[in-house]
Amino acid sequence: MPTEAQKISAPAQNSSLPWLVLFAGWLVPGAGHVLLGKWVRGTLIFAAILCMYLLGLGLQGKIYVPNTGDILDILGFLGQIGMGMGYFLARLFGWGATSVLLAVGDYGTKFLTVAGLLNIIAAVDAHSLANGRKAS
C-alpha cells in the first residue's frame, strides 16, 4: 500500500506539470510557484526579482546580446536570459544600455544578471516542488 507522500508525488511525476511549472517560472518570475498554489512564495519571488530587474534597468545596465565572441558577454547573456520574458521585453523595446558608459551602469548590469540567475533558481525550485523531490 503506497504511503501518503507517494500518493501525492506519483501523479506529478507522470504528468507534464513539472515542465509546465519550470517553463512558466522561467518566463514570469514566481509563476511556477503560483501554479502550485504557493501564492505568497510566488508573489515574494516576483517582487524581489522584478525590483532587481527594474533597478538594473534604472541604473542603465547593459543588456547582453548572444552574438559577441567575448566569453564574459556570453556568460552575461546566459545569466540575463534567465529573466525570461523580462529579457525579451528589454531587447524588444530597447531598454537598458548597449554598453556601459557610467560606473553606475556596471552595477545595473550586475543587477540584471543576478535577477536572471535568481529567476532560474526559483524556476528550478518550483520544478522540484512539482516533482515531489522537495517538500514544501
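How are helix 2 and helix 7 oriented to each other? The model is predicted: local features need pLDDT of at least 70, side-chain atom pairs count only at pLDDT 80 or more, and totals for chains, interfaces and linings use all residues. Residues are numbered from 1 along each chain as its sequence is written, and side-chain values use heavy atoms, with hydrogens and water left out.

The protein contains seven helices and zero strands, where helices (H or I, at least four residues) and strands (E, at least two) are DSSP runs numbered from the N terminus. Read from the N terminus, the order of elements is α-α-α-α-α-α-α. Of its 136 residues, 38% count as buried; buried means under 20% relative accessible area, exposed over 50%, and partly exposed in between, with a 1.4 Å probe and protein chains only. The protein exposes about 8,000 Å², and carbon and sulfur atoms supply 72% of this area. Such areas come from the Shrake-Rupley method with a 1.4 Å probe, and for residues only the protein chains shown count as cover. Contact means heavy atoms within 4.5 Å. Among contacts between residues at least 6 apart in sequence, 70% join residues at least 24 apart.

The opening question can now be taken up. The axes of helix 2 (residues 17-27) and helix 7 (residues 103-131) come within 8 Å and cross at roughly 160°. Axes are lines fitted to C-alpha atoms, for helices over the stretch in contact, and angles run from 0 to 180 degrees between N-to-C directions. Helix 2 and helix 7 are therefore roughly antiparallel to each other. Angles under 35 degrees count as roughly parallel, over 145 as roughly antiparallel, 65 to 115 as roughly perpendicular and the rest as oblique. Helix 2 contributes Pro18, Trp19, Val21, Leu22, Gly25 and Trp26 to the contact, while helix 7 contributes Asn119, Ala123, Val124, Ala126, His127, Ala130 and Asn131. By class, this contact has nine nonpolar, four polar and no charged residues. Here Ala, Val, Leu, Ile, Met, Phe, Trp, Tyr, Cys and Pro count as nonpolar, Asp, Glu, Lys and Arg as charged, and the others, Gly among them, as polar.

Leaving aside neighbours within four places in sequence, His127 is in contact with Pro18, Trp19, Val21, Leu22 and Arg133.

Helix 7 also meets helix 5 (residues 71-80), and their axes come within 7 Å and cross at roughly 55°. These two helices are therefore oblique to each other. Gly76, Leu78, Gly79 and Gln80 in helix 5 meet Thr109, Leu112, Thr113, Gly116, Leu117 and Ile120 in helix 7. This contact has four nonpolar, six polar and no charged residues.

Other individual residues complete the picture. His33, in helix 3 (residues 31-35), is buried, with a relative accessible area of 1%. Not counting residues up to four places away in sequence, His33 touches Lys38, Arg41, Gly42, Ile45, Ala122, Asp125, Ala126 and Leu129. Ile121, by contrast, lies in helix 7 and is exposed, with a relative accessible area of 56%. Finally, Gln60 is in the loop between helix 4 (39-58) and helix 5. Gln60 has a positive phi of about 60° although it is not a glycine, and it is partly exposed at 42% relative accessible area.
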